[in-house]
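Colleague: Please take one part of this model and go through it closely. Keep it brisk.

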Amino acid sequence: MRVISFSADGLVEAEKQGFYEWVRDQDADFICIQDIRCSEYDLRKDSFFPREYNAYFYDNLNDSKKDGVAIYCKELPKAIMTGLGFTDFDMDGHYIQADFGNVSIGSLIAPYAAPNDAAAQARKNEFYQLLVAHLEKVSHKRREFIICGNWRIAHKAKDVEYTERRSKLPGFLAEERQSLDEIMELGYIDAFREVNSDSDEYSFWPGGQVGVDGMRTDFQLVSKGLKYNIDYGVIYKAKSFSTHAPVIMDYDLEV
């Protein structure tokens, strides 16, 4: 089973850059997209709705030009869930989930915090506090999870090109990284790191130039029951569709 995660910087712009043409050759079972920056009603071209997929969108209901998530599924889900039950966040389009049997596939984007914006940073930290509690709760269910996301946090030093400078900026602050530590302590696994330990594997270039000032903020977290189902992972960098690169993971799993 192939799962692709991609943060689009706007779905309309990514389509113009050839994202959907590339996707056609990947034979993915699921395509999880973050930062769509549009409503489903803005998508007028057939390319946004490939025939082999069931497409689901959850845009930012407060401002459709920010954030928003989508998920494409080859198989018809038993259920689609939007939001995480976080009263102050769900209307902003941070999460969508497709349920199949005892496996769920999610697409998540964390809130953005700019440097020197204390209010936005506090909001991002609050989101992660709620997320840790949510993931702890669902870890007791008889259900496995693959959560694809633009987490807007790099976890370890090897996930950031310029560690010292980045440690003072949102995306690599100590309290943000601690939130990811807490999620991992619950048993969730960074799937890419199970198959690739290289220190120069970045998925995001804030300045937009691949190879310059990289960070790995895009990854797929899986519940511990799927640890031995992880087969292969790669960050696709041959062509750019946004400031983020698609993350491709293969699992020995069927839904």
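Modeller: Buried means under 20% relative accessible area, exposed over 50%, and partly exposed in between, with a 1.4 Å probe and protein chains only. This is a predicted model, where local features need pLDDT of at least 70, side-chain atom pairs count only at pLDDT 80 or more, and totals for chains, interfaces and linings use all residues. Residues are numbered from 1 along each chain as its sequence is written, and side-chain values use heavy atoms, with hydrogens and water left out.

Start with S5. This residue lies in strand β1 (residues 2-7); strands are DSSP runs of E, at least two residues, numbered from the N terminus. S5 is buried, at a relative accessible area of 1%. Its neighbours include C32, Q34, C148 and Q220, leaving out residues up to four places away in sequence; contact means heavy atoms within 4.5 Å. The S5 side chain also makes a polar contact with the side chain of Q34, at 3.3 Å. A polar contact is a pair of N or O atoms within 3.5 Å; within protein, one must be able to donate a hydrogen and the other to accept it, and residues adjacent in sequence count only if both atoms are side-chain atoms.

Now follow Q34. Q34 stands opposite V69 in β4. Strand β2 (residues 30-34) is joined to β4 by 5 bridges, and the two run antiparallel; strands pair if DSSP finds at least two bridges between them. Strand β3 (residues 54-58) is also antiparallel to β4, again with 5 bridges. There, A55 stands opposite Y72.

Last, β4 itself. In β4 (residues 69-73), 5 of the 5 residues are buried, so the strand is largely enclosed by the rest of the structure. Both faces are covered: V69, I71 and C73 on one side, A70 and Y72 on the other.

Technical notes:
Helices (H or I, at least four residues) and strands (E, at least two) are DSSP runs, numbered from the N terminus.
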